[in-house]
Amino acid sequence: MAASTVGVGVADTQTDIIWNPFPALMTMDHKAFSDMAMNFATLPMFPVFDIAHYTLAVMYVRHDSGIQVSRRNPLACWMSSMITCFAGAMLANFLLGLPIIAPFEEYMNLVVATVVWYLVFYSPFDLYYKLLSKMLFKIPVYALKEVQRARKISAGITQAASLYPEAFIIMIVTGAVKGAGASFTSNLEKLVRGVWSPTSNEFLYPSFALKASVLGAVTLVSAKFGAFGIPYSQVVLVVSLVFVYFKVSMLLLGVRDPFALFEYAVCTPLFGRVAKPDEPPSKPAEDLSQKNPANTTVPTKKDSKAKGE
């Protein structure tokens, strides 16, 4: 009996050793993830993450305008670049009735953005631009930018919630605008450079940045109202990791828009035929009556020959 009792005790001890560490490990992992999320929530975006954002914003201006505008009119080039760098904060303040110029209150941000602008356009031997055009350097810069995008969406939601605590639509719009502000100000920054292109705006051709920002804002606002039952800081961290994963995958695989297939599958039965993911957007129909108001028919080659044209 004694031996039997000892045996049971050993078995119970072995069982405890085998099974008890598993929930302890899960608790430890959850605690580690929670600590990571809290540290991430307090991680400063300046200067590293902001420099990545400024770099990609100014490189976008250079891709769109070319190098000539920086030689022809440096002031217009600088203004266009600054609008792109601080677009999210300016638009969010505009929507919330706050001073649009407030983002320039922190002069160090403006100084750093100006230094990045100078390096992108005027660095010796164009070294800064050439290095960041290589995939080896491009991937970490884009990863930092996506982390900053998620934090900016969260900051926009918090900013809107301080003014409109129950207005979740305003929180979503403000967060999305703050995360993808440069997409909305593209026409304005082009106008500063003397280019007017009203047919290329974010409402006609929404970018991946806008779609990701809207989904991220919806997710974070839902978490803010307790929809997921987990702390808000952890959701911010998850959204950041998802943004980084999708952007890096797009760079490595050459995918332009991962939402395109889903949009085509959903929008076709709901709104009729839409453009396929690999189909270029159709150009607007040409108004022939403006070219030939007296006669809406366009003369053919045979008619031209008959008239001796």
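I number residues from 1 along each chain as its sequence is written, and side-chain values use heavy atoms, with hydrogens and water left out. Because the model is predicted, local features need pLDDT of at least 70 and side-chain atom pairs count only at pLDDT 80 or more, while totals for chains, interfaces and linings use all residues.

**Entry 1: overall make-up**

I started with secondary structure, taken as DSSP runs numbered from the N terminus (helices H or I, at least four residues; strands E, at least two). The protein has 17 helices and zero strands.

Next I looked up burial. I call a residue buried under 20% relative accessible area, exposed over 50%, and partly exposed in between (1.4 Å probe, protein chains only). Of the 309 residues, 36% count as buried.

The accessible surface comes to about 19000 Å². Carbon and sulfur atoms hold 69% of that surface. These areas come from the Shrake-Rupley method with a 1.4 Å probe; for residues, only the protein chains shown count as cover.

Then I checked contacts (heavy atoms within 4.5 Å). Among contacts with a separation of 6 or more, 71% join residues 24 or more positions apart.

**Entry 2: the cores**

In soluble globular proteins, nonpolar side chains tend to be buried together. I searched for nonpolar cores, meaning sets of buried Ala, Val, Leu, Ile, Met, Phe, Trp, Tyr and Cys residues joined through side-chain atoms within 4.5 Å.

The largest core has 30 residues. Those with the most contacts inside it are Ile153, Ile157, Met171, Ala217, Leu220, Val239 and Phe243. Elements giving two or more residues to this core are α2 (21–41), α9 (135–163), α10 (168–179), α13 (208–224) and α14 (232–253). Helix α14 gives the most, with eight residues.

I then picked out Ala217. Leaving aside residues up to four places away in sequence, Ala217 touches Ile153, Ile157, Ile172, Gly175 and Ala176. A second, separate core has 22 residues, including Ala52, Cys85, Met90 and Ala113.

**Entry 3: the nonpolar patch**

Which residues form a nonpolar patch on the surface? I found Phe94, Leu95, Ile100, Phe168, Ile169, Val173 and Phe225, with about 670 Å² of accessible area together. Patch members have over 30% relative accessible area and no salt bridge; like charges are joined within 9 Å, and nonpolar side chains (Val, Leu, Ile, Met, Phe, Trp, Tyr) within 5 Å.

Helices α6 (87–95) and α10 give two or more residues to the patch. The largest share, three residues, comes from α10.

I looked up two members. Leu95 lies in helix α6 and is partly exposed, at 44% relative accessibility. Val173 sits in helix α10 and is partly exposed too, at 39%.

**Entry 4: salt bridges**

I counted a salt bridge when a side-chain nitrogen of Lys or Arg is within 4 Å of a carboxyl oxygen of Asp or Glu. The whole structure holds eight.

Asp126 and Arg62 meet at 2.6 Å, N to O. Asp126 lies in the loop between α7 (107–122) and α8 (127–132) and Arg62 in helix α3 (residues 48–65), so this pair ties together parts 64 residues apart in sequence.

Arg149 pairs with Glu146, with closest N and O atoms 3.0 Å apart. Both lie in helix α9, three residues apart, about one turn of the helix. Arg149 is buried at 8%, and Glu146 is buried at 1%.

Asp257 and Lys211 meet at 2.4 Å, N to O. Asp257 is in the loop between α14 and α15 (260–271) and Lys211 in helix α13, and the two are 46 residues apart. Lys211 counts as buried, at 13%.

**Entry 5: Asn187**

Asn187 belongs to helix α12 (residues 186–192). It counts as buried, at 17% relative accessibility. Beyond residues up to four places away in sequence, Asn187 touches Val195, Ser197, Pro198, Ser200 and Asn201.
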